[in-house]
Amino acid sequence: MICVDVFCESVINVKKFVKSVCFLLALCVVLPLAGCKQGETKEYDGPALVQSILSQVQFADTLESVGDGAALYFPELPENAKAELYMGSGYFADEVALITLADTGDRKAARESVDKHLEQIRSSFANYIPEELPKIDDALVWEQGKFIILCITDDIADVKTI
């Protein structure tokens, strides 16, 4: 009788152990997923990123804001999109631009505008300072949420780090 009681108690303890292990394994799978939402992306502060780039990256020239005329450099920019552009003297291709969209649905059209801007810069420098072409070809165009950032510099590795 004692043997049967000990056996039954052992079986019950094994079942409890197996249930506990299964519960812990389930927690290990579920908990890491609990904080994630499908398709969620981190929202970045575009103007703050641009200021970080301007202050931390080496440019061949001192870049200054072109002011209210920035949108003129981006042909066919979507309506209600805002452009900020920082350029040097014109002898170097270095520049930083921030496009802020009113609607993320306009991103494709805004990107096409940025690409046209890059084509214009490339065409211009190809004629009078071709040494700047590799820098233009390696330009960084970053898109996130309602922001598109363009950066042309020899120090593109630091821009990517930022």
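User: Which residue in β5 is the bridge partner of Leu-98? Please describe the sheet around this pair and what packs and pairs about it.

Analyst: The bridge partner of Leu-98 in β5 is Ile-149. The model is a predicted one, in which local features need pLDDT of at least 70 and side-chain atom pairs count only at pLDDT 80 or more, while totals for chains, interfaces and linings use all residues. Residues are numbered from 1 along each chain as its sequence is written, and side-chain values use heavy atoms, with hydrogens and water left out.

Strand β3 (residues 95–100) pairs with strand β5 (residues 147–152) in the antiparallel sense, over 6 bridges. Two strands count as paired if DSSP finds at least two bridges between them. Helices (H or I, at least four residues) and strands (E, at least two) are DSSP runs, numbered from the N terminus. The two strands belong to an open sheet of 5 strands with antiparallel pairing, in the order β1-β2-β3-β5-β4. At its edges stand β1 (64–65) and β4 (140–144); each has a single partner strand, so one side of each is left without a neighbour in the sheet.

Helix α2 (residues 46–56) packs on this sheet and touches β2 (82–87), β3, β4 and β5, where contact means heavy atoms within 4.5 Å. The direction of α2 makes about 10 degrees with that of β5. Helix α3 (residues 107–128) lies across β3, β4 and β5, and runs at about 15 degrees to β5. Axes are lines fitted to C-alpha atoms, for helices over the stretch in contact, and angles run from 0 to 180 degrees between N-to-C directions. In the sequence as a whole, the pattern is α-α-β-β-β-α-α-β-β-α.

Buried means under 20% relative accessible area, exposed over 50%, and partly exposed in between (1.4 Å probe, protein chains only). The largest core has 23 residues, of which Phe-74, Ile-99, Ile-136, Leu-150 and Ile-152 touch the most other members. Two or more of its residues come from each of β2, β3, α3, α4 (133–137) and β5, and α3 gives the largest share, 5 residues. A second, separate core of 14 residues includes Ile-149, together with Leu-49, Ile-53 and Phe-147.

Salt bridges join further parts of the fold to one another. The term denotes a side-chain nitrogen of Lys or Arg within 4 Å of a carboxyl oxygen of Asp or Glu, and the structure holds 8 of them. In one, the side chains of Glu-76 and Lys-116 meet at 2.7 Å, N to O. Glu-76 lies in the loop between β1 and β2 and Lys-116 in helix α3, so the pair ties together parts 40 residues apart in sequence. Glu-76 is exposed, at 63% relative accessibility, and Lys-116 is partly exposed, at 32%.

Lys-135 forms a salt bridge with Asp-94, with the closest N and O atoms 2.4 Å apart. Because Lys-135 lies in helix α4 and Asp-94 in the loop between β2 and β3, this pair ties together parts 41 residues apart in sequence. Lys-135 is buried at 5% relative accessibility, and Asp-94 is buried at 2%. Lys-135 also forms a salt bridge with Glu-132, at 2.8 Å between the closest N and O atoms. Asp-94, Glu-132, Lys-135 and Asp-154 are linked in a network of salt bridges.

Notes
Core = buried A, V, L, I, M, F, W, Y, C linked by side-chain atoms within 4.5 Å.
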